[in-house]
Amino acid sequence: MNEQIVSTENVHLYYGDFEALKGISMEFYDNQITALIGPSGCGKSTYLRLINRMNDLIPGVKITGKVNYDGKNVYDEGTDTVELRKKIGMVFQQPNPFPFSIYENVAYGLKIAGMKDKNKIDEIVERSLRKAAIWNEVKDKLDENALALSGGQQQRVCIARVLAIEPDVILLDEPTSALDPISSGKIERMLEELKKEYTIIIVTHNMQQASRISDRTAFFLDGNLIEVDDTRKIFTNPEKKETEDYISGRFG
Ligand SMILES: Nc1ncnc2c1ncn2[C@@H]1O[C@H](COP(=O)(O)OP(=O)(O)OP(=O)(O)O)[C@@H](O)[C@H]1O
Ligand SMILES: [Mg+2]
């Protein structure tokens, strides 16, 4: 049985007067990939950012409802958002490595956290790059600037950077949409490996990708969660007409 790691309960999110999420309740389980799909503007990124409080950084945002993680509502007063974002890491659409070496990118979070043992840091950097399926490509040039890598390589370094700080949950917002098919394939295979250890939530516009890699799929429309179910069910026999229309390409 997969353990429930994160859940949201009747979450509403407003940007000023605009209601971007209209009461979303949903659970996420470990060792699973959950895909969030739906047309542009339906609230996928907003919902993803809600989970590790990245929306806090946007002025004028109001949130009601609960996001449960580790036995608490992450919106409770006293939540340390820096700690929260270590446990619930995030990867963005555009690879965003820091403008320094590959090694330093991955070691960054460890050094910030005060780790000084060089051997230990070396070990974690290597392990993280291996898990991110990029070790073989970069092991001989760890001191080179990460910005000199291809987009697909940069994205895997960004994933290694998240893995180095040992998260429980990894949020990915269209992580392959800026990449070529070969790089995307590498990331998809990596995610299938990573789910053995993590809870993975991925926003994707690519329905083939969602059906290839995810265990569960959630369909969003206009700030509502229309349907969430086993991926196979969503793509072969959805309950709701809106889902059927979307997956068969009738809109979006
Ligand atoms: N910072 C913001 N301020 C105001 N409105 C916003 C902000 N970010 C998003 N919105 C609005 O909230 C709604 C949901 O946006 P969101 O980015 O979550 O959609 P999405 O499903 O991720 O779309 P896409 O597939 O294009 O990335 C949209 O109507 C958008 O215009
Ligand atoms: Mg988005």
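A polar contact here is a pair of N or O atoms within 3.5 Å; within protein, one must be able to donate a hydrogen and the other to accept it, and residues adjacent in sequence count only if both atoms are side-chain atoms. What you're looking at is a predicted model, where local features need pLDDT of at least 70, side-chain atom pairs count only at pLDDT 80 or more, and totals for chains, interfaces and linings use all residues. Residues are numbered from 1 along each chain, ligands from 1 in the order written, and side-chain values use heavy atoms, with hydrogens and water left out.

**Ligand 1: polar contacts**
- A polar side-chain atom of Ser-45 sits 2.8 Å from an oxygen atom of ligand 1.

**Ligand 1: surroundings**
- On its own, ligand 1 has 630 Å² of accessible area, and the protein covers 63% of that (Shrake-Rupley method, 1.4 Å probe).
- Around ligand 1 there are 14 residues (a heavy atom within 4 Å), with Ser-40, Gly-41, Lys-44, Ser-45 and Thr-46 the closest.
- Helix H1 gives the largest share of that shell, three residues (helices are DSSP runs of H or I, at least four residues, and strands of E, at least two, numbered from the N terminus).

**Helices H3 and H4**
- H3 (residues 102-112) and H4 (residues 118-131) have their axes 9 Å apart and pack at about 115 degrees (axes are lines fitted to C-alpha atoms over the stretch in contact; angles run from 0 to 180 degrees between N-to-C directions).
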